[in-house]
Amino acid sequence: MASPLLQARLDRMRVAALQSLGRSAIPQWIIDNTRHPNDPTKPWSFLHHEYQIGILETDAEYISVIKAAQTGMSELSVRLMLALASLYRSSRFMYVLPSSGFSRKFVVDRVDPVIESSPQLSRELSKEVNNSEIKRIANSFIYFAGAQKTGQAISVPAKGLVMDEVDFCSQSVLTSFYSRLQHNMPGESIVTRFSTPTVPGYGISQLHEAGSQGVYMVWHEKCGQWVVVDPLQDIILPGWQEDTLENFTKADLDDPTLRLEAAFVQCPHCHKPISQSNLSDPKKRAWVHHYPDKVEKSFYVSPLDVAAINTPEKILRNVRNYNRHIDWINFGLGKAFQDAENSVVKQAVEKSATAITVYPGKSGVQGGLIGSDVGKTSHLLVGVRDGKYMDIIWAERIRQDGSGNLVSTWKERMDEYGAWKMVVDAGPDISSPQQLIEESVYGRAWACYFTRGSSRRLSDLDIKEEEQIIGAYRTSIIDKVVKQLNGGLIRLPKGHPELPTIIKHFTQMKRVSRLSDTTGETTAHWASLSKENHYFFALVYLMIADDLATGQGAVVALPDTGAIRKVQVGGAIQDRQNDFWSRPLG
Ligand SMILES: [Zn+2]
């Protein structure tokens, strides 16, 4: 046993030697300095997880990895973080998780055991700076943080970031973590993002598309071709009638006509089975990137990349572990998935562009419903109900100016389309909505703000009649609007010049999960792929206007008794139009 001083010198020499190798030293560092997760008496081994070496060695500033469950990825991300802190001396790194509660638990369950079972890391770990938020290893620091609320992005410069489960983080908080890298010279940052995918084009899937799109190809020994195998397309289940396993569910596990034990991976080139030993032989596997010239490197890790452990049968049987079918596709197979519940389906929206455009002016329309968002440029939609359909008959962008163009245009459109109800965005500036409410017939114009909170509520709308302000439960209102859009019940104005923009804005919305720090549960949340979503929110306000007009909890005050009498607004509203009274100004 070497003396502590000699040991410290040996450690330094070894690190110096490894450092000269750059990131290609990381796999060896992990073998030398960390232990087997299930048996700490053994060293770490990449056996059956050889795919990990290619990811660790990649020397790119930005890396993203789509991960499936059962691929050993969470063991890897911790070790990567520790290797970076140990190899890049005097640096700061941040490990970012969806919430601070999750982060604290992760440190205790996942990080501390790796350090404790490693003689070198135990020696290098500072006794003073060692808690669930910060650790000093040699003279580097690792910060552990949640990305849930603004203000959680620790405000110190960092050399690198490891972001874990980015699809469950607040994307705007993640952005503030990236700004911690701006002190680095170009090319000097080290950023690795890992996540289970959720919706195509969102989070890790968006990062993957922006990157090189690496896949762990297989050399099929039967046909002598390098092929890509996909768990949804290429696992063949004898007895299954469909082209892909997209619709395979828990219930199918009990179907006696399906022979799960005979499931196999089919070569997409020669259509013959690829044997288990072929799939799990690292000499017959290799990372190949679709876009090798892209600066950002991205990887998709499939359960079939750990073929020695994940047999086709086991992958299929795992469906039992997930309550929602989509979770099996996201977590079990590592595939992003879009359906009519988590996205506005572009094809469905395009197909419903069958309403007639009615230009403002002498439109002759009565009973219009109007929704408008508010911004430097505001976006307005006019709809009319036609049985089960909502026909959008007009769309426009309104620029605010110094002489109150926004409110005057709103009022003109209310007149021109005989508007029963108009709902506008209460934020960011309440003064225009307030002016509209004050200058409109009482009960017609409303301002709406969104609330988050529990879904266990009787109504999606919290109506404050006196102020004509509505609080709308955001997730559940948007769920309903998306359902109607995907179901073809909202018809868009055919040939309207704004139609392409409307469709673009509608298709930005994705239903994703957020991790709650207080309950530890995930909650659904509609996120937007970009800020270009204004017409979508104009539609949400319009549909709230429709709710008010058709009397789902809407009330109006009638003037005839002097006191305010609450009357449910229903189908008879047209007969009562003259009963509305104009609130006196001032
Ligand atoms: Zn083949």
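A: Ala, Val, Leu, Ile, Met, Phe, Trp, Tyr, Cys and Pro count as nonpolar, Asp, Glu, Lys and Arg as charged, and the others, including Gly, as polar. By these classes, the lining of the second largest pocket has 13 nonpolar, 11 polar and 7 charged residues. Residues are numbered from 1 along each chain as its sequence is written, and side-chain values use heavy atoms, without hydrogens and water.

A pocket is an open set of points on a 1 Å grid over the protein atoms alone, where a 1.4 Å probe fits, with protein on both sides within 12 Å along at least five of seven lines; lining residues have an atom within 4 Å of a point. The volume is the space filled by probe spheres set on the points. There are 31 lining residues, and Gln171, Ser172, Ala527, Ser528 and Ser530 are the closest to the centre of this pocket.

Two or more lining residues come from each of α7 (171–178), α8 (204–210), β24 and α18; helices (H or I, at least four residues) and strands (E, at least two) are DSSP runs, numbered from the N terminus. Helix α7 gives the most, with 5 residues. Strand β24 (522–528) also gives two or more residues to the lining of the largest pocket, whose volume is about 1000 Å³. The lining of that largest pocket divides into 16 nonpolar, 11 polar and 12 charged residues.

Helix α18 (residues 534–549) also packs against helix α17 (residues 499–506), at an angle of about 80° and with the axes 6 Å apart. That makes α17 roughly perpendicular to α18, a term for angles of 65 to 115 degrees. On the α17 side, Thr501, Ile502, His505 and Phe506 are in contact (heavy atoms within 4.5 Å) with His534, Tyr535, Phe536 and Leu539 of α18. This contact has 5 nonpolar, 3 polar and no charged residues.

As for confidence, the chain has a mean pLDDT of 88, and 91% of its residues reach 70 or more. Over residues 553–586, however, pLDDT stays under 50. Where pLDDT is low, the predicted coordinates should not be read in detail.

Notes:
Axes fitted to C-alpha atoms, helices over the stretch in contact; angles between N-to-C directions. Parallel < 35°, antiparallel > 145°, perpendicular 65-115°, else oblique. pLDDT = per-residue confidence, 0-100.
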